[in-house]
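Thanks, everyone. Let me put the structure up, and then I'll walk through its helix pairs, sheets and contacts.

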Amino acid sequence: MSDDIAIRVRGLGKKYLIGGPQVKYHTFRDAIVNSVKAPVRRLTRQGTDKSTNEFWALKDVSFDVYQGEVIGIIGRNGAGKSTLLKILSQITTPTEGEVDIFGRVGSLLEVGTGFHPELTGRENIFLSGSILGMQKREIEGKFDGIIKFSEIEKFIDTPVKRYSSGMYVRLAFAVAAYLDPEILLVDEVLAVGDIGFQEKCLGKMESIADSGRTVLFVSHNMAAISNLCSKCILLDKGKILAYGSSEEVINLYLNSMKKESEIILPEYSQRKGNGLVRFTGIKFFNSEGNDVNNAISGKDFIISLEYVSKENKPLNNVMVWITFYGLHRQLLFTLNNELVGEKFVNLPPKGRIICSIPQFPLSSGVYGFNFDIAVNGQIEDWIIDKAILTVSDGDFFGTGRLPPDSHKGFLVHHNWKSEGI
Amino acid sequence: MTFPPTVTPLATAGEREPTIKIRPPKKWVPINFSELWHYRELLYSFVARDVKIRYKQTVLGFLWAIIQPLFLMVVFTLFFGNLAKVPSEGIPYPLFSFAALIPWTLFAEGLTRSTMSMVSNAGIMTKVYFPRLIMPISGILSPLVDFCIAFVILIFMMAYYGFVPTIAIVLLPLFILLALMTSLAVGLWLSALNVKYRDFQYTLPFIIQLWLFASPVVYPASMLPESWQFVYALNPMVGVIEGFRWALLGTNPPEAIILISVCVVVVLLIGGLFYFKRMEQYFADVV
């Protein structure tokens, strides 16, 4: 990573006019009619309210990107991520502000840019490559690689309108993957096709990220972002909320999402299960019995689930599951009372179930968990994809040392020794 | 983490020049000729694409390029030549009108395609950067293939009627260029206007119809009274068609007309380029 700057953005803003007479599918007649009406409007002070007609997709955006950096851009839908990329790609002009770019830019804002259904795969490779910015000789040199990557050798001379959608996106991505600019701007075009091909796409993105190119990568896939990008920009309603290490920014983002989607457990309606028993609250505690918000690696962690039975009868044969998931939505571990031989019989109709985890074994980060309660083999309440737990760094090993950010995962107690042979 | 983000101080002297500078829209935007040259292969790709898809999945294929002007020639000969007995300066009427229809079709097709070029390529325009001038330019170039095919038929017709081209034939490429520049000049204005006001693509058929009769396709320019000749020559296609007939069939050399036509085209073209470049800054937002 050099000290040379690749992209310099200062005070960028983009304003759109929404609704109102200005942006409707414009006819010349409307323009003439509007200009005739204008003096009348002024006289009667019927002017359209400027503030409701204007929409700032980006405002006051400033940041620097150095050569070789791979930067993720994340944020809610409508935060301004695609608008930012469009301005950096010179597709649309900013309303205010300046951008200076040092190097050739290639933009991947869509899969299959320029593809024409009547042309064959071969012809489309040249057309699309040309549109993306490659010279003919360059495309010829990469032609075999593109065909191999896309896995459609047999169909290369058939018109693209005959391709299946999977073949189409594979070919489109293959062409885009061989684009070789100094600065690459990518907008959520990752991972198309079946699982096998998606792996290939991610692998290709990884090699691009490792190659020393400068990459700006917009995505909603937090796992891909944390994998590929060292730093992240968080956009919210057109402004930069944060710019720092991917881990910190992603955590900030997920936490803010969680705050926004906080539910009141007793009233939450999108839960599964028969409903005879319902969870009414979750609390977390530490080993001293204090109410906490986070878990700490290596410290005892206690989850308390409060419940109520609709039928007001004692509950027999109760089984409770808590399952933890990582950023990739991969299952990490599961907790269940029967696994540890704890049988819940004759539970009061209203009470709480407490699960204690000694020396919480996950590295710092944000994790999701699902939890459910089953009575006599019937799932009564099941909360999915709603609960989030933030884990903070703690002294798991008792040595004050923790694995580096690149090696975060489970923390496992272990011993070492050496012997002579 | 930086919160708000720190930024490096603004450029100090001795720093390298940015490759790309992105700034808010300006009123007058210079034309970047070196950039256009850099994108010449893309221009070729667009023209090749338009030519290839034109006749895909047709049985007659490129024959369609000749059918349209031939058909018009037959209709004109029947109604204007035979029925209305329009004079044709001593040349057999079919040849007289066909020699005009070939450059006319080049112009009309070029104008239509370039006017629609941006709207029909809206998908690409909102996803990738390239100088937008490429679009109308590709629009006027793609009918050249049809032109060449129809030209071959014209040669056969000339041979059939026993006409040999004059020495002025060497100027023929210039007249072709004049036709192309006319369709480009008007196409720049119309395509830029059409992005925002879609009326223009609907007015186009009317404009072309009117223009056909305002040009010496079915009648010779000499039919107009002297006092009208100047105004008439303000239509650049008058210069193109009279020039074509002069070069191929030996009618009177139309020097004054050509001079006026060239001036008009130059003015329209320069105005069109500036208007287009200014509007280009807003295309992706409005298309």
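A definition to start: axes are lines fitted to C-alpha atoms, for helices over the stretch in contact, and angles run from 0 to 180 degrees between N-to-C directions. Helices (H or I, at least four residues) and strands (E, at least two) are DSSP runs, numbered from the N terminus.

Now the ground rules. This is a predicted model, where local features need pLDDT of at least 70, side-chain atom pairs count only at pLDDT 80 or more, and totals for chains, interfaces and linings use all residues. Residues are numbered from 1 along each chain as its sequence is written, and chains are lettered from A and ligands numbered from 1 in the order in which they are written.

Helix pairs, then. Two packed helices are described by the angle between their axes and the distance between the axes.

Take chain B. Helix α11 (residues 236–249) of chain B packs on helix α12 (residues 255–280) of chain B at an angle of about 135°, and their axes are 7 Å apart. So α11(B) and α12(B) are oblique to each other. On that scale, angles under 35 degrees count as roughly parallel, over 145 as roughly antiparallel, 65 to 115 as roughly perpendicular and the rest as oblique. The crossing of α11(B) and α12(B) is left-handed. Left-handed is when the near helix is turned anticlockwise from the far one by less than a right angle, and right-handed is when it is clockwise.

Which residues make the contact? From α11(B) we have Pro236(B), Val238(B), Gly239(B), Glu242(B) and Gly243(B). From α12(B) come Ile257(B), Ile258(B), Ser261(B), Val262(B), Val264(B) and Val265(B). Contact here requires C-beta atoms, placed from the backbone, to lie within 7 Å. By class, the contact of α11(B) with α12(B) has 7 nonpolar, 3 polar and 1 charged residues. For the classes, Ala, Val, Leu, Ile, Met, Phe, Trp, Tyr, Cys and Pro count as nonpolar, Asp, Glu, Lys and Arg as charged, and the others, Gly among them, as polar.

Over to chain A. Helix α5 (residues 121–132) of chain A packs on helix α7 (residues 165–177) of chain A at about 40°, with axes 10 Å apart. That makes α5(A) oblique to α7(A). Their crossing is right-handed. On the α5(A) side, the residues are Gly121(A), Ile125(A), Ser128(A), Gly129(A) and Leu132(A). They meet Leu171(A), Val175(A) and Ala176(A) in α7(A). The contact of α5(A) with α7(A) divides into 5 nonpolar, 3 polar and no charged residues.

Next, sheets. Strands pair if DSSP finds at least two bridges between them. One open sheet in chain A has 6 strands, in the order β5-β6-β7-β3-β8-β9, with mixed pairing. β5 (105–108) and β9 (239–245) of chain A stand at the edges with a single partner strand each, so one side of each is left without a neighbour in the sheet. Neighbouring strands of this sheet are turned by 15° against each other on average, direction ignored. Strand β8 (residues 231–236) of chain A pairs with β9(A) in the antiparallel sense, over 6 bridges. Within that pair, Cys232(A) has Gly244(A) of β9(A) as its bridge partner.

A further open sheet in chain A has 5 strands, ordered β12-β18-β17-β14-β15, and its pairing is mixed. Here β12 (295–296) and β15 (331–336) of chain A are at the edges. β12(A) runs parallel to strand β18 (residues 378–392) of chain A, joined by 2 bridges. Ile296(A) is bridged to Ser392(A) in β18(A).

Domains now. An automatic or database domain assignment gives chain A domain 1 (5–258) and domain 2 (265–407). Their contact takes 8 residues from domain 1 of chain A and 7 residues from domain 2 of chain A. On the domain 1 side, α10(A) gives the largest share, 5 residues.

Finally, the two chains. How many residues does each chain give to the contact? Chain B gives 34 residues and chain A gives 48 residues. On the chain B side, α2(B) gives the most, with 6 residues. By class, that side has 16 nonpolar, 6 polar and 12 charged residues.

Strand β4 (residues 96–101) of chain A runs antiparallel to β1(B), with 3 bridges. Ile101(A) stands opposite Ile20(B) there. On chain A itself, 5 bridges join β4(A) to strand β1 (residues 5–17) of chain A, again antiparallel. In that pair, Gly13(A) stands opposite Glu96(A).

Terms used
Contact = placed C-beta atoms within 7 Å.
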